[in-house]
Amino acid sequence: MNESALHENGEVPDLEVRLRRLMADQTGGAVSWNEIELDTPILGRGIGLSSLDTVSFMIRIENEFDLFLEAEEFAQSLESFGSLLEAVRRKIEAAATTGESHAF
């Protein structure tokens with residue numbers, strides 16, 4: 001997959017690319033950032049993160065985007081990369097409307 005294939009209009013949101021690269025880095029290079037599809041499962045046969053990896057990944061996301069993810073909220077977003085992307089996007093948008101700081 002190339003970046004222009006990610007969306008019909010050819011645009012790739014910076015958030016999506018940053019999150020893909022962060023996830024690929026979390027796998028230690030086992031998965032390339034451009035191989036991650038929106039429907040790719042994060043646990044098990046998809047990305048292959050273990051439960052310990054997911055905790056580390058949650059912390060990396062919080063640090064990268066300067067936001068706080070509730071553990072339960074994060075756990076619910078682990079169904080697929082797309083569900084995680086939407087959870088992070090909602091947190092960033094919520095922070096923007098409340099005036100909280102975030103790195104994005």
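Buried means under 20% relative accessible area, exposed over 50% and partly exposed in between, with a 1.4 Å probe and protein chains only. The model is predicted, so local features need pLDDT of at least 70 and side-chain atom pairs pLDDT 80 or more, while totals for chains, interfaces and linings use all residues. Residues are numbered from 1 along each chain as its sequence is written, and side-chain values use heavy atoms, without hydrogens and water.

**Exercise 1. The chain as a whole**

Task: state which elements the chain has and what percentage of its residues is buried.

Solution. Step 1: helices (H or I, at least four residues) and strands (E, at least two) are DSSP runs, numbered from the N terminus. The chain has four helices and zero strands. From the N terminus on, the order is α-α-α-α.
Step 1: of the 104 residues in the chain, 38% are buried.
Step 2: contact means heavy atoms within 4.5 Å. Taking contacts between residues at least 6 apart in sequence, 54% join residues at least 24 apart.

**Exercise 2. Helix lengths**

Step 3: just after α1, G28 has a positive phi of about 70°.

**Exercise 3. The buried side of α4**

Task: list the buried residues of α4 and find which helices they pack against.

Solution. Step 1: F81, G82, L84, L85, A87, V88, I92 and A95 are buried.
Step 1: these residues pack against α1 (14-26), α2 (51-65) and α3 (71-76).
Step 2: an α-helix has 3.6 residues a turn, so residues three or four places apart point the same way. Residues of α4 that meet α2 are L84, V88 and I92, and their partners in α2 are F57, I61 and F65.
Step 3: Ala, Val, Leu, Ile, Met, Phe, Trp, Tyr, Cys and Pro count as nonpolar, Asp, Glu, Lys and Arg as charged, and the others, Gly among them, as polar. The contact of α2 with α4 has six nonpolar residues, no polar and no charged.

**Exercise 4. How α1 crosses α4**

Task: describe the angle between α1 and α4 and name the residues in their contact.

Solution. Step 1: axes are lines fitted to C-alpha atoms, for helices over the stretch in contact, with angles from 0 to 180 degrees between N-to-C directions. The axes of α1 and α4 come within 11 Å and cross at roughly 125°.
Step 1: angles under 35 degrees count as roughly parallel, over 145 as roughly antiparallel, 65 to 115 as roughly perpendicular and the rest as oblique. The two helices are therefore oblique to each other.
Step 2: L15, E16, L19, R20 and M23 of α1 meet F81, L84, L85, V88, R89 and I92 of α4. They divide into eight nonpolar, no polar and three charged.

**Exercise 5. A loop residue**

Task: decide whether E79 is buried or exposed, and find what it touches.

Solution. Step 1: E79 is in the loop between α3 and α4.
Step 1: the relative accessible area of E79 is 65%, so E79 is exposed.
Step 2: leaving out residues up to four places away in sequence, E79 touches T40, P41 and I42.
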